Amino acid sequence: MNAQELAARHEAVNEDAESYWLEEAKRLDWYSFPTTANRSSFDEGDFGIRWFEDGELNVTVNCLDRHLATRGDRTAIIFEGDEPGEGYSLTYAQVHEEVCRFANALKACGVGKGDRVAIYMPMIPEAAFAMLGCARIGAIHSVVFGGFSPDSLADRIEDCGAKLLVTADEGVRGGKRIPLKDNADKALEKSPVEAVIMVRRTGGEVNFVEGRDRWWHDLREEVSATCEPEKMNAEDPLFILYTSGSTGKPKGVMHTTGGYLLWVTATFDIVFGATDEDVFWCTADVGWVTGHSYVVYAPLANGATTVMFDGVPNYPDFGRFWETSNRLGVTIFYTAPTALRALMREGDEWVKQHDRSQIRLLGTVGEPINPEAWNWYHEVVGDGRCEIVDTWWQTETGGMLITPVPGAVKTKPGSATLPLPGVYTKLVDNDGKELTGPAEGNLCLTQSWPGQMRGVWGDDERFFQTYFTTYPGMYFTGDGCRRDDDGYHWITGRVDDVINVSGHRMGTAEVESALVAHPKVAEAAVVGMPHDVKGQGIYAYVTLNAGEPESEELRQELRQFVRKEIGAIASPDAIQFAPALPKTRSGKIMRRILRKIAEGEPDKVGDVSTLAEPAVVDALIKGAQA
Ligand code: ATP
Ligand code: MG
């Protein structure tokens, strides 16, 4: 899309949003085309998020059936397993058949419209069949990341009241087997379901409960290959997904059918603009919203080719992403800053030994990408040739909200740039007063967009309380943001993580970026610590590049370095060298835990169940800089 086309969209939606959205709604096939678009209100009296209220459609008709006539033989999903080359491709016609069978299997197990289905799976095509199978019959899926523990799975099954669980015998990641069914059995002791569908992934030995468990490959043979899609209202729930838990107890974010599908379909097209020549690879797991929106729903609704990857970036070596991209002919690559920083510290050779000339567009999501990593992505991975889209969004937003549009918006390393058409941001101070011009404050959205979440599952009050009461009349994102002279947005991190040094409010992203810019530093996380004079001091956790020795001199050097980059105010008061940082399963740094350690209250770190490696916490407590 060029700058004029993008400007025309902004103009159209600003002038007459209702017409713009009804026009956009034509991206989808409806049984009954909606007569109204936005009927949302952020105000207490008539609060509610409502889009296309009288529209009727089915998500799978949009993702599959409507492509059959023209592109039934086109590749829909390329599966790439844990071992390089372990995989296969499926056409739209094949995926359509599998989804119909899965839908019928769910029905055969007693699942119907409105029932909840938990999905605890590896990144194999059957995970997508299960999600789409639910959507076909109007059941509501809740995908739980396959790396979660039995307890985490049990909590989520219980919270959403799942009737059935879809799982696999085992998963395989980085050459290691993950006992999915064993974990599931443990979870089900705590939170039982009526039925389990189990997919055979490895053929490993597993427990089988007669009367409750069914093998997918058996069921598949018993059911029909056609399944009439359920007519769904636009506002019928499509899925529940628990947030990654960076800040506390995960919330069961609920998305509905029409608005969500339209939002992901439109943003995928506007930002990635995939054509028939493209192979799109989003490395996220379907356990996260990125996997829902940009591995499954958006690519399929657009008739694109999507890669499902069941491995990890460092197996069998640090070149995996680039080896696989080359082999599969990937043209658009979308990943997380945490993965890039991990690869960057291993050196450029892993990238350069693979041909990347077919890649044309690179994207990131999940955390602020520090300019250092942005530049590496651009120069080394993209050979200075590919545009980068730094896409800011949340589980709650369904799809991307702030991102450059390639061809239309000039990028600046580290900035998510500008809101998409129909997205209205506002920066406010802590009293809710609007900040105009270049400023730094709390990022809010003043109007609804179709992909906005509709509620917290089972807790209507929590939705309004969490997002709409801090700054009445607006959706508060929880993120801090700086807006520069060009109106570009720079996400500074979560507002809860802001550090106040002698009255100066500082986002975590800026200080971390300065540290990461030092050639010896791979990753950094900063938090506030109590300080007698300044109120709060800066406590930095620093991970060094592979093989780099720790020393007191280096600490001094890093302090000087930050002082030079940002100013004396940002110079860390304490620096702890940390071999690893506590991260959520989706790879986000959990500063809440780091803060407790820095505050000298390690016994109060709280819930660590969503951490990827809980053992990291003990190591950090031992190395704390008193
Ligand atoms: P929880 O809400 O449970 O604490 P979470 O916020 O990590 O978990 P997600 O919805 O997966 O769960 O993440 C959204 C958050 O990720 C955003 O609010 C923002 O802080 C961060 N984020 C995502 N993309 C970007 C980006 N491009 N730049 C900066 N930050 C980003
Ligand atoms: Mg969040």
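Trainee: Which helix gives the most to the lining of the second largest pocket?

Mentor: Helix H6, residues 150–160, gives the most, with three residues. Keep in mind that this is a predicted model.

Trainee: How many residues line the second largest pocket, and which lie nearest its centre?

Mentor: The lining has 16 residues. Nearest the centre are Asp155, Asp159, Tyr242, Lys249 and Pro250. The space in this pocket is about 250 Å³.

Trainee: How much confidence does the predictor give the chain?

Mentor: The average pLDDT is 95. At least 70 is the score reached by 99% of the residues. The model also has ipTM 0.99 and pTM 0.95.

Trainee: Why is Phe52 called buried?

Mentor: Buried means under 20% relative accessible area. Phe52 has 0%, so Phe52 counts as buried. Its place is the loop between helix H2 (17–24) and strand E1 (56–57).

Trainee: Why is Ser502 called partly exposed?

Mentor: The class runs between the cut-offs of 20% and 50%. Ser502 has a relative accessible area of 42%, so Ser502 is partly exposed. Its phi is positive, about 45°, although Ser502 is not a glycine. Look for Ser502 in the loop between strand E25 (499–501) and strand E26 (504–506).

Trainee: What makes helix H16 mostly covered?

Mentor: Helix H16 spans residues 508–516, and eight of its nine residues are buried. Among them are Thr508, Val511, Glu512 and Leu515.

Trainee: What does UniProt list for residues 510–588?

Mentor: An unreviewed UniProt entry lists them as "domain: AMP-binding enzyme C-terminal". Over residues 510–588 the chain is 27% helix and 32% strand. The end C-alpha atoms of this stretch are 16 Å apart.

Trainee: Which peptide bond is cis, and how do you know?

Mentor: The bond joining Tyr315 and Pro316 is cis, with omega about -5°. Most peptide bonds are trans. Pro316 sits in the loop between strand E15 (306–309) and helix H11 (320–328).

Trainee: What is the strand order in the five-stranded open sheet?

Mentor: The order is E20-E19-E21-E23-E24, with antiparallel pairing.

Trainee: Why are E20 and E24 called edge strands?

Mentor: Strand E20 (434–435) and strand E24 (489–494) each have a single partner strand, so one side of each is left without a neighbour in the sheet.

Trainee: How do you know that E19 and E20 pair?

Mentor: Pairing needs at least two bridges. Two bridges join strand E19, residues 425–428, to E20, so the two strands count as a pair. They run antiparallel. Val428 has Glu434 in E20 as its bridge partner.

Key: Residues numbered from 1 in each chain as written. Chains lettered and ligands numbered in written order. Predicted model: local features only at pLDDT ≥ 70, side-chain atom pairs only at ≥ 80, totals over all residues. Heavy atoms only, no water. 1 Å grid on protein atoms, 1.4 Å probe; cavity = no way out; pocket = protein on both sides within 12 Å on 5 of 7 lines; lining within 4 Å. Points joined across faces, edges and corners; volume = space filled by probe spheres on them. Helix = DSSP H or I, 4+ residues; strand = E, 2+ residues; numbered from the N terminus. UniProt positions renumbered as here; feature names shortened; annotations may be inferred. Buried < 20%, exposed > 50% of the residue type's maximum accessible area, 1.4 Å probe, protein only. pLDDT = per-residue confidence, 0-100.
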